[in-house]
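The entries follow the order in which I looked things up.

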Amino acid sequence: MKLHISALFFTMLLFTATVSAVQGMDHGSHGMKNDEMGHTSMQTKSGTHTGHFRHTGMADGIDAAFQVMSLADMKMKDPEGKTHHIMVSFSHDKQKMKDITGDIKAVSPSGKEQVGKLMHFGGGMYAANFTFDEPGEWAITCDFKERSQKHSVHFMYPHHGM
């Protein structure tokens, strides 16, 4: 249990540093609408994926910073055997939002749907675990509510297999 809590703390610390770096970026000059923001995946010098993928999006003035991570790369195991962790942090006017409810839906390339409820891990960090068992483009949609207003951010996650 202590190992699981330590790994979760490390993951949250890593994500917090990432979110802080992303929040300083100016996305307004891209000329893109709400959830059409660009995304990048982290790569090693050899060009292979490290298991971490980032996406930033905006919905109705709320910034959402996502990270999709392989649990195996994080040296973590899900009790239900899920393979990936999607973390998200929400902010408005550079202030973290800590009263969000909602869920994330992941749709596989073959059309299988999974829905995970956003769990708040403190400090404005939310997450859900999923099983990514097919290579290809996965459709990720985060539907969330803040002060009874509904919002949605959508992006594609390029899963390259196990």
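Between which two strands does the loop with Lys75 lie? I found Lys75 in the loop between strand 3 and strand 4 (84-92), taking strands (E, at least two residues) and helices (H or I, at least four residues) as DSSP runs numbered from the N terminus. Phi of Lys75 is near 60°, a positive value in a residue other than glycine, and Lys75 counts as exposed because its relative accessibility is 71%, where exposed means over 50% relative accessible area, buried under 20% and partly exposed in between, with a 1.4 Å probe and protein chains only.

Before going further I noted the ground rules: this is a predicted model, in which local features need pLDDT of at least 70 and side-chain atom pairs count only at pLDDT 80 or more, while totals for chains, interfaces and linings use all residues. Residues are numbered from 1 along each chain as its sequence is written, and side-chain values use heavy atoms, with hydrogens and water left out.

Confidence came next. The mean pLDDT (the predictor's confidence in each residue, from 0 to 100) is 77 for the protein, and 68% of its residues reach 70 or more. Over residues 1-49 pLDDT stays under 50, and where pLDDT is low, the predicted coordinates should not be read in detail.

Of the 162 residues, 42% count as buried.

Is Ser91 buried or exposed? Ser91, which has its place in strand 4, is buried, with a relative accessible area of 4%. Ser91 and Met58 are 33 residues apart in sequence, and I noted 9.5 Å between their C-alpha atoms.

Last I went through the nonpolar cores (sets of buried Ala, Val, Leu, Ile, Met, Phe, Trp, Tyr and Cys residues joined through side-chain atoms within 4.5 Å). The largest has 25 residues, of which Phe90, Leu118, Phe132, Ile140 and Phe144 touch the most other members. Strands that each supply at least two residues of this core include strand 6 (101-107), strand 10 (136-146) and strand 11 (149-159). A second, separate core of 7 residues includes Met69, Leu71, Met74 and Met125.

Technical notes: Contact means heavy atoms within 4.5 Å.
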